[in-house]
Amino acid sequence: MTLTKVEIDVPEEIVPYTVLKDKDAQITRNAMLVYPYIKKGVMSHGKAAEMLGIHKVDLITLYGKLGLPYFDETEEEFEEDLAVLKKLRGAAI
């Protein structure tokens with residue numbers, strides 16, 4: 001993975017939270033930078049993990065620890081999916 005320096009404008013109070021020496025903290029910061037693109041469907045978890053130089057499962061686990069779900073569906077959507085799966089399962093018997 002090739003690293004490139006990027007200059008961004010942030011409020012002065014945020015600077016101490018953006019300049020991180022700890023590798024895990026850097027990965028977390030960078031993962032948070034790409035999360036909106038995953039959420040919007042612009043990139044996959046796999047592509048984001050590849051860009052961050054970590055395994056997809058590790059990225060999903062990191063997001064989970066931060067309270068960001070891998071599956072982004074409402075409980076109602078989940079129940080609908082579950083009902084369809086149960087119906088298909090019954091049809092397969």
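**View 1. The buried face of helix H3.** In H3, the residues His45, Ala48, Ala49 and Leu52 are buried, where buried means under 20% relative accessible area, exposed over 50% and partly exposed in between, with a 1.4 Å probe and protein chains only. Seen down the axis of H3, these buried residues fall within an arc of 100 degrees, so they line one face of the helix; the arc is that of the directions from the helix axis to the C-beta atoms. The buried residues of H3 pack against H2 and H4, contact meaning heavy atoms within 4.5 Å. Helices (H or I, at least four residues) and strands (E, at least two) are DSSP runs, numbered from the N terminus. H3 is followed by Gly53, whose phi is positive, near 75 degrees.

The model is predicted, so local features need pLDDT of at least 70 and side-chain atom pairs count only at pLDDT 80 or more, whereas totals for chains, interfaces and linings use all residues. Residues are numbered from 1 along each chain as its sequence is written, and side-chain values use heavy atoms, with hydrogens and water left out.

**View 2. The surroundings of His45.** His45 is found in helix H3 and is buried, with a relative accessible area of 12%. Not counting residues up to four places away in sequence, His45 touches Ile38, Lys56, Leu59, Ile60, Tyr63 and Tyr70.

View 3. The side chains of Lys47 and Glu50 meet in a salt bridge, at 3.6 Å from N to O; a salt bridge is a side-chain nitrogen of Lys or Arg within 4 Å of a carboxyl oxygen of Asp or Glu. By this rule the count comes to one salt bridge. Lys47 and Glu50 are three residues apart in helix H3 (residues 45–52), which means that about one helical turn separates them. Lys47 is partly exposed, with a relative accessible area of 39%, while Glu50, at 56% relative accessibility, counts as exposed.

**View 4. The two sides of helix H4.** In helix H4 (residues 56–65), the residues Leu59, Leu62 and Tyr63 are buried. They cover an arc of only 95 degrees around the axis, which puts them on the same side of H4. Val57 and Lys65, on the other side of H4, are exposed. The buried residues of H4 pack against helix H2 (23–39) and H3. Just after H4, Gly67 takes a positive phi of about 80 degrees.

**View 5. The aromatic pairs.** A search of the whole structure finds two aromatic pairs; rings of Phe, Tyr and Trp (its six-membered ring) pair if their centres lie within 6.5 Å, and planes under 30 degrees apart count as stacked, over 60 as edge-to-face and the rest as tilted. Tyr35 and Tyr63 form an edge-to-face pair, with 4.9 Å centre to centre and 65 degrees between the planes. This pair links distant parts of the chain, Tyr35 lying in helix H2 and Tyr63 in helix H4, 28 residues apart. Both Tyr35 and Tyr63 are buried. The rings of Tyr70 and Phe71 have their centres 4.9 Å apart and their planes at 75 degrees, so this pair is also edge-to-face. Tyr70 is partly exposed, with a relative accessible area of 37%, and Phe71 is exposed, with a relative accessible area of 64%.

**View 6. Leu3 and the segment before helix H1.** Leu3 is found in the segment before helix H1 (15–18), and at 70% relative accessibility Leu3 counts as exposed. Leu3 and Gly67 are 64 residues apart in sequence and 27 Å apart in space, C-alpha to C-alpha.

View 7. The chain has five helices and zero strands. Its radius of gyration is 18 Å, well over the 12 Å that the globule rule gives for 93 residues, so the chain is more spread out than a compact globule; the radius is taken over C-alpha atoms, and the rule is 2.2 Å times the number of residues to the power 0.38. Taken along the principal axes, the C-alpha atoms fill a box of roughly 60 × 30 × 20 Å. Of the 93 residues of the chain, 15% count as buried. Among the contacts in the chain with a separation of 6 or more, 42% are accounted for by residues 24 or more positions apart.
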